[in-house]
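Please open the model in your viewer and keep the selection panel at hand. The tour moves from the whole chain to single pairs of elements and residues.

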Amino acid sequence: MYGYVNAWDGSLFSCVFFKYFSLLLVDKMAVFVYTGKTLRGQVLQGEVAADTEKLAVSLLRKRHILVTRIEEKCNGLLNGGNWLKTLRAPRVKSQELLAFTQQLATMLKAGIPLLECLSMLEHHSESSALRPILAGVRQEIERGVGFAEALKKHPSVFNEFYVNMIEVGEATGLMDSILNRLGTYIERQATMKGKVLSALAYPATLLGVAILVFLFMLIWVVPLFDQMFAELGDALPWLTQFVLDVSVWMQSYAHIIGTVVLSLIIVGVRLGHTSQGKHVIDQLLFNFPLVQRVVRASTVVQFTRTLGMLLNSGVSILDGLLISGKVSGNRIVEEAIKEVRLRIREGETIAKPLARSHVFPPMVTQMIHVGETTGALDTLLEQIANFYEQELNRTVAIFTSMLEPAVILFIGLGIGVLVVAMYLPLFTMGSLI
């Protein structure tokens with residue numbers, strides 16, 4: 001009877017939990033935060049509710065507001081389910097963006113007009129996510145919009161760095177050269193990201209498989225031994241009894257545990273898509289002992305290489321810092337760069353406020369100071385990126401060589417404890433009888 005009540009309570013708990021989260025996941029109208037200008041040039045900031053960003057911009061146009069910046073606001077924990085649309089939507093991979101950039105550079109260098117290039121790439125692209133975007137860009141250009149301005153309407157694919165580099169290409173007439181440099185940049189960034197992910201993939205896979213094996217043994221295998229040892233009563237060794245108790249507990253509350261884990265995953269994914277959640281995650285990664293060296297090195301490479309390319313292409317230092325901070329992919333760095341820009345506007349150099357932020361290693365700030373003094377900042381930034389890219393490779397190799405044995409040791413100990421716990425009564429069977 002007691003087990004029946006527990007099972008009923010657990011089922012009721014699961015039903016309530018799923019009902020609560022299903023209500024949170026119901027799709028609602030999104031809210032967008034915008035910055036814009038009126039016909040008189042007055043700057044306005046506010047919020048507008050709409051199903052999509054395009055409809056939000058259309059509503060603001062009807063109010064005679066020219067939108068300069070718009071982004072979706074997080075409404076509560078799960079944002080009414082709109083985040084699920086983002087997860088389900090196909091995304092353009094870095095390799096697909098790289099192929100598009102390189103192919104467009106080659107075609108423009110061969111003298112093919114931009115519209116014809118976009119039309120050919122649209123029809124021959126293998127990416128279902130990229131094709132409609134290229135169609136939209138081509139249509140915007142046909143209406144008289146500039147190439148960079150058309151790309152700007154797809155920020156999830158073409159970030160500010162990409163758009164600004166295209167603007168430089170349009171202004172200088174060196175579009176094919178700029179696209180080649182963009183292709184090299186995207187390829188190097190994708191390679192760096194791939195090395196980090198591949199280094200973590202094997203240990204993460206081992207750990208995931210180990211957890212599944214433990215759960216399988218506790219829920220389905222250990223109960224078989226429980227029936228075998230039932231006649232021994234309370235005379236079981238403490239380790240065996242502990243494992244059996246854990247197995248019984250897992251069987252009784254498996255549905256509750258599954259519900260809670262699923263709920264935590266949903267909440268965690270949603271928090272990872274909010275500004276506050278990203279800030280917390282970046283703060284943890286930036287200071288967590290095991291991964292902070294990898295995170296800091298990859299951030300330095302991303303920031304310095306981006307800023308170096310922008311400065312080399314003629315972008316102003318303030319705009320370059322703003323874009324590089326956003327492209328760095330780390331909210332801590334982005335906030336530090338915003339403060340650096342304020343100090344530069346007040347007359348300071350780049351190196352001093354950057355050193356005070358304690359975000360980058362002292363060597364980076366010293367090299368930047370040398371670059372400012374000698375007037376070769378873009379060159380030194382590229383050298384910094386190359387150095388820390390090598391440092392990142394070494395760090396990832398060391399991290400992997402330490403992590404893999406640790407995970408294997410953990411798996412071995414876990415399975416060893418289960419095996420010993422189940423066979424220990426058999427070894428002591430004579431004394432127990």
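What follows is a sequence of selections, each with a description of what is found there.

**Before selecting anything**

This is a predicted model, in which local features need pLDDT of at least 70 and side-chain atom pairs count only at pLDDT 80 or more, while totals for chains, interfaces and linings use all residues. Residues are numbered from 1 along each chain as its sequence is written, and side-chain values use heavy atoms, with hydrogens and water left out.

**The whole chain**

Select the protein chain and colour it by secondary structure: there are 19 helices and three strands, where helices (H or I, at least four residues) and strands (E, at least two) are DSSP runs numbered from the N terminus. Of its 433 residues, 39% are buried, which here means under 20% relative accessible area, with exposed meaning over 50% and partly exposed in between (1.4 Å probe, protein chains only). The chain exposes about 24,500 Å², of which carbon and sulfur atoms supply 64%; such areas come from the Shrake-Rupley method with a 1.4 Å probe, and for residues only the protein chains shown count as cover. Among contacts with a separation of 6 or more, 62% join residues 24 or more positions apart, a contact being heavy atoms within 4.5 Å.

**Helices H9 and H10**

Next select residues 175-228, helix H9, together with residues 238-252, helix H10; the two pack at an angle of about 120 degrees with their axes 9 Å apart. The axes are lines fitted to C-alpha atoms, for helices over the stretch in contact, and angles run from 0 to 180 degrees between N-to-C directions. On the H9 side the contact includes Leu 215, Leu 218, Ile 219 and Val 222, and on the H10 side it includes Val 243, Leu 244 and Val 246. By class, the contact of H9 with H10 has 10 nonpolar, two polar and one charged residues, with Ala, Val, Leu, Ile, Met, Phe, Trp, Tyr, Cys and Pro counted as nonpolar, Asp, Glu, Lys and Arg as charged, and the others, Gly among them, as polar.

**Helices H8 and H14**

Move to helix H8 (residues 160-172) and helix H14 (residues 317-327), whose axes come within 9 Å and cross at roughly 145 degrees. Show the side chains of Glu 160, Phe 161 and Asn 164 in H8 and of Ile 323, Lys 326 and Val 327 in H14, which make the contact. The classes here are three nonpolar, one polar and two charged residues.

**Aromatic pairs**

Rings of Phe, Tyr and Trp (its six-membered ring) pair if their centres lie within 6.5 Å, and planes under 30 degrees apart count as stacked, over 60 as edge-to-face and the rest as tilted. By this rule the count comes to eight aromatic pairs. In one of them, the ring centres of Phe 158 and Tyr 162 are 5.1 Å apart and the planes lie at 55 degrees, so the pair is tilted. Now select Phe 387 and Tyr 388, an edge-to-face pair with 5.2 Å centre to centre and 85 degrees between the planes; Phe 387 is partly exposed at 33% relative accessible area, whereas Tyr 388 is buried at 9%.

Which residues is Glu 122 in contact with, leaving aside its neighbours within four places in sequence? Glu 122 lies in helix H5 (residues 114-124), is buried at 11% relative accessibility, and is in contact with Arg 131, Leu 134, Ala 135 and Arg 138. Finish at Arg 343 in helix H15 (residues 331-345), which is buried at 18% relative accessibility; with neighbours within four places in sequence left aside, Arg 343 is in contact with Glu 348, Pro 353 and Arg 356.
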